[in-house]
Amino acid sequence: MITASHVTSMRFAALSCFLVIPLAISAQESHIGDLTGEAKGGQQLYRRYCVGCHGERGDGRGENAPHVDPKPRDFTIGTFKCRSTPSGNIPLDKDLFNTIGRGLYGTAMPPWLPLTRQQRADLVAYIKSFSPRFVEEKPGTPLEIPRETPSEQDSIGRGRELYQTAMKCSQCHGKEGRGDGPSALTLTDDKGLPIPPYDFTTASKFKCGESDEDLYRVLMTGLDGSPMPSFSNSLKPEQAWDLIHYVRSLRPDFHERVKDAKGNRRPWRWFRSGRSEMTLDHSTR
Ligand code: HEC
Ligand code: HEC
């Protein structure tokens, strides 16, 4: 039998559901090194700088969203591309912090470096409050990035083999890395929208950072929400470095970046002739 007091407690239970969610939101924090970000401070910044694309509710449906491609991230599902955590995991606070500072090259998402570190930490806390995953889940063990192997001709050769045959990167990214592999036109993101594979020949920057370490992270953790898979179960660390050296070599101006042991630039053919003491010039990238 349902008594009046039952009804009252059920009402209270229903009501507390509504109360609990906003409380969880205002309590959300971020921790980046010695910084602590607060969602409360982040909310104001978000309304000022982010809402136009990512929307009031964080669902990626801001008023500018119809005009941008790819679409702004829907924060309510808690899925992020740039992570140091394994595929399928929520990112570290630091991952989100770095993304906000760096922006996502080739998309409408600009770098937010003019904001202070504290402001960016507050934004991280606020963005986390849109998805219950940040309350319910813990991020998995972050990837450790081992020392890079030398970027020399042998490594590039092994990388080519992995790219073209063993790992089938060419299926999506194309034989010459132009983003035009046999599967390219069929690829969609997790919202069902078409998404092109990266073109290694024309594009000069990457979404989740510029360094070889950043590319290592992409290969080993994948870009969640996109068809770019994680290869952590199929690649040994030295094979991942080989692949990175190979995809870097697909740029037409690659030969200009080849330096000999004394730091002098050398023509591409020197490099191809197997002088393994030569390394890539990372300084001008
Ligand atoms: C002009 C539109 C625009 C504005 C303004 C904007 N963003 Fe974005 N943002 C995007 C787009 C587009 C993406 C998705 C890009 C992609 O999927 O490659 C994105 C993605 C993101 C991501 C996801 C990164 C990942 O790893 O998946 C975060 C975090 C983010 N934005 C934070 C912010 C914050 C914080 C602000 C405000 C300070 C902001 N954005 C303002 C367009 C915008
Ligand atoms: C099933 C198709 C598919 C396969 C297979 C695939 N990729 Fe990708 N890759 C993509 C897509 C799509 C993107 C672009 C995602 C985006 O823009 O968010 C991408 C992006 C990338 C990026 C750019 C990351 C950035 O930060 O911008 C790199 C590097 C990359 N892939 C390397 C590889 C390598 C190396 C292999 C093979 C070991 C591989 N991919 C296999 C579909 C694929």
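Predicted model: local features only at pLDDT ≥ 70, side-chain atom pairs only at ≥ 80, totals over all residues.
Start by selecting ligand 2 and showing the 26 residues around it. Those that come nearest are Cys169, Cys172, Phe206, Lys207 and Met228. Now colour the helices: H8 (169-173), H9 (212-221) and H10 (237-248) are the elements that give two or more residues to this shell. Which helix gives the largest share? That is H8, with 4 residues. If you colour the shell around ligand 2 by class, you will find 19 nonpolar, 4 polar and 3 charged residues.

Next, select residues 39-49, which form helix H2. Pick out Ala39, Gly42 and Tyr46, the buried residues of this helix. They cover an arc of only 50° around the axis, so they sit on the same side of H2.

**Stop three: leucine 235**

Finally, go to the loop between H9 and H10 and select leucine 235. Is this residue buried, exposed or partly exposed? Leucine 235 counts as partly exposed because it has 19 C-beta neighbours inside 10 Å, while a buried residue needs 20 or more. Try the distance tool on leucine 235 and leucine 219, which are 16 residues apart in sequence and 8.8 Å apart in space, C-alpha to C-alpha.

Key. Residues numbered from 1 in each chain as written. Chains lettered and ligands numbered in written order. Near = placed C-beta within 6 Å. Nonpolar A, V, L, I, M, F, W, Y, C, P; charged D, E, K, R; others polar. Buried ≥ 20, exposed ≤ 12 C-beta atoms within 10 Å, placed from the backbone. Arc of directions from axis to C-beta.
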